[in-house]
Amino acid sequence: MSEARFGEFVLVRRHGHVAELVLDRPKAMNAVSTAMAGSIAEACAALAADRDVRVTVVASSHERAFCVGADLKERNSLTDAELVRQRPLARAAYTGVLELPMPTIAAVHGFALGGGFELALSCDLIVADGTAVVGLPEVSVGVIPGGGGTQLLPRRVGAARAAELIFTARRLEAPEAAELGLVDVLVEPGQDREEALALATRIAANSPIGLRAAKRALRLGHGLDLRAGLEVEDAAWRAVAFSGDRAEGVAAFNEKRKPEWPGE
């Protein structure tokens, strides 16, 4: 396992073909400050450029929280002009996670609120343990979800359910969150990271070219009519059909062995 730090508050660990982006601001329960947002964006840019990474897990070093959202103490000290300048930096953190080209998994325990839950929603899959408490409470402090929540939540649970959750600003404990589809895998307390890494390892055994193309088709095709969606899928298929991974996968199947993916 290797490690690289991005600023003071973000750590990236490598477990073979799986990368772990760790939110590491424990004194503030991973509240996203301007500096931390910049580090998340920087780490995501590095991961996106690394063709050896097949899956990324977003995790937390804090034992009682995934991320409690924006750093409201810092926000309280900003002038309007400073808040305007800070906005692109904050957006870059969330879009950095959202636009990672490989499959992504959030490992959630404890509080995942506001921007913290939006970081999880930006991932393809969410693994949560029984201590998880999630929600988008922004309207209770006079703002709205600004890290993608108004767009990502309805894509998970439908427009009406998302409206109810955002308008009421209520928090959901793990069982209800799983029942409503806000998280995908519910595990025993303390097992979220272990299960997320195990799931990532299973996914990473597959073709890296295929994984990225499948994610692209899923993301770009969502919300399109069927005919347009099938065109998106066809373009993704063509991108992998003549790749080295496709040749190796077919050969390995016929030779009854595990593939050794060239990743090209």
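How many bridges join strand 9 to strand 10, and do these strands run parallel or antiparallel? In this predicted model, in which local features need pLDDT of at least 70 and side-chain atom pairs count only at pLDDT 80 or more, totals for chains, interfaces and linings use all residues. Residues are numbered from 1 along each chain as its sequence is written, and side-chain values use heavy atoms, with hydrogens and water left out.

Strand 9 (residues 133-135) and strand 10 run antiparallel and are joined by two bridges, with V133 standing opposite E173 in strand 10. Both belong to an open sheet of four strands in the order 5-7-9-10, whose pairing is mixed; strand 5 (65-67) and strand 10 (172-173) are its edge strands, each pairing on one side only. Strands (E, at least two residues) and helices (H or I, at least four) are DSSP runs numbered from the N terminus, and two strands pair if DSSP finds at least two bridges between them.

Helix 1 (residues 34-49) has 16 residues and reaches 23 Å from its first C-alpha to its last, close to the 22 Å expected at 1.5 Å a residue, the expected span being 1.5 Å times one less than the number of residues. Its buried residues (under 20% relative accessible area, 1.4 Å probe, protein chains only) are M36, A37, S39, I40, A43, C44 and L47. These residues lie on the same side of helix 1, because they cover an arc of only 160° around the axis, taken from the directions from the helix axis to the C-beta atoms.

Zero disulfides (cysteine sulfur atoms within 2.5 Å) are found in the whole structure. The sulfur of C44 is 8.7 Å from the closest cysteine sulfur, in C123, and therefore too far for a bond.

Key: Buried means under 20% relative accessible area, exposed over 50%, partly exposed in between (1.4 Å probe, protein chains only).
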